[in-house]
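I opened the two-chain file to look up the fold of one chain and then the interface. My notes are below the display.

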Amino acid sequence: MEVPILKQGTYLIASIQSALTDADLSQLREALVARVGKFRARGVIVDVTALDVMDSFAVRTLRDITHMARLRGAETVIVGIQPEVAFAMVQLGLTLKGVSTALDLEEGLAFLDAKGRERGDRA
Amino acid sequence: MPDAVICPIQADVDVVQTRQQGRGIAAEAGFSAGDQTVIAAAISEIARNILMYAKRGEIELRSVRFPDRAGIVVIARDNGPGIKDVQRAMQDGYSTSGGLGLGLPGAKRLMDEFDVVSNGSGTTVTMKKWREVRS
């Protein structure tokens, strides 16, 4: 299932709607990295609220997205990790080192706005 | 033993389907939402291991019930090349696939019981999670 990617101002918002296969996750990575260039995006939000499980492949893909987008000039923030998903991730030993996270979409947008101001982006 | 389901694992879609089946069985067995996620995550890692190392295999899911406890049993079987050094594969950070090396030790931390039998003709991973039943 393809993840819809919305453009809002200079941000891209990918909102995951259901459990994703590895192929879906890889497709999301390619689409986001391409669209950062196409839309000259400065920020990316990946909303994982609906993700049932965050396993090693999902974590690796989110990390790849963050690093690739950063290389293309956009900051990424992951939002919506559910409490039980966070618990399972910690038990599994999965970390999102170098990846920004925020509680929800609202916090994610605020985070990107703050990052933009830091960088001197025009609103 | 009732309620056993066998899920074939041969594509990445099967990983998602099997962990969702497992979540359903865990819910029926009375596990909390948190435990259901933990069980689904463990199944996901084990299913991924089958795909990565053996290409194909199957996962059996069953719920078990005793007077004092209920649980879920997950048995992953494949006829792949087997794990040369099981003890080493159970160590954190060890991986031969260039992955994150979390597969087996990660799944073990999520479950209450964990057992690996492997030889040249395949691997069987049996893992269980329990919850107390108050009568």
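**Conventions.** I am working with a predicted model, in which local features need pLDDT of at least 70, side-chain atom pairs count only at pLDDT 80 or more, and totals for chains, interfaces and linings use all residues. Residues are numbered from 1 along each chain as its sequence is written, and chains are lettered from A and ligands numbered from 1 in the order in which they are written.

**Chain A, overall.** I looked up the elements, which are DSSP runs numbered from the N terminus (helices H or I, at least four residues; strands E, at least two). Chain A has four helices and five strands, and from the N terminus they run β-β-α-β-α-β-α-β-α. I then checked the size: the C-alpha trace spans about 40 × 25 × 20 Å along its principal axes. The radius of gyration, taken over C-alpha atoms, is compared with a globule rule of 2.2 Å times the number of residues to the power 0.38. For 123 residues a compact globule would come out near 14 Å, and chain A, with 14 Å, agrees. Buried residues (20 or more other C-beta atoms within 10 Å of their own, C-beta atoms placed from the backbone) make up 37% of chain A.

**Sheet.** I traced the strand order of chain A as β1-β2-β3-β4-β5, an open sheet with mixed pairing; two strands pair if DSSP finds at least two bridges between them. At the edges are β1 (5-8) and β5 (100-102) of chain A, each pairing on one side only. The twist averages 25° from one strand to the next. I looked at one pair: β4(A), residues 75-79, and β5(A) are parallel over three bridges. Val79(A) has Ala102(A) as its bridge partner in β5(A).

**Helices on the sheet.** Angles here run from 0 to 180 degrees between N-to-C directions, with axes fitted to C-alpha atoms, for helices over the stretch in contact. Helix α2(A), residues 56-71, lies across β3(A) and β4(A), at about 155° to β4(A). Helix α4(A), residues 105-119, lies across β2, β3, β4 and β5 of chain A, at about 160° to β4(A).

**Interface.** I counted contacts, meaning C-beta atoms, placed from the backbone, within 7 Å. They join 22 residues of chain B to 18 residues of chain A. On the chain B side, α1 (12-28), α2 (33-54) and α4 (103-110) each give two or more residues, and α2(B) gives the most, with nine.

Conventions:
Contact = placed C-beta atoms within 7 Å. Buried ≥ 20, exposed ≤ 12 C-beta atoms within 10 Å, placed from the backbone.
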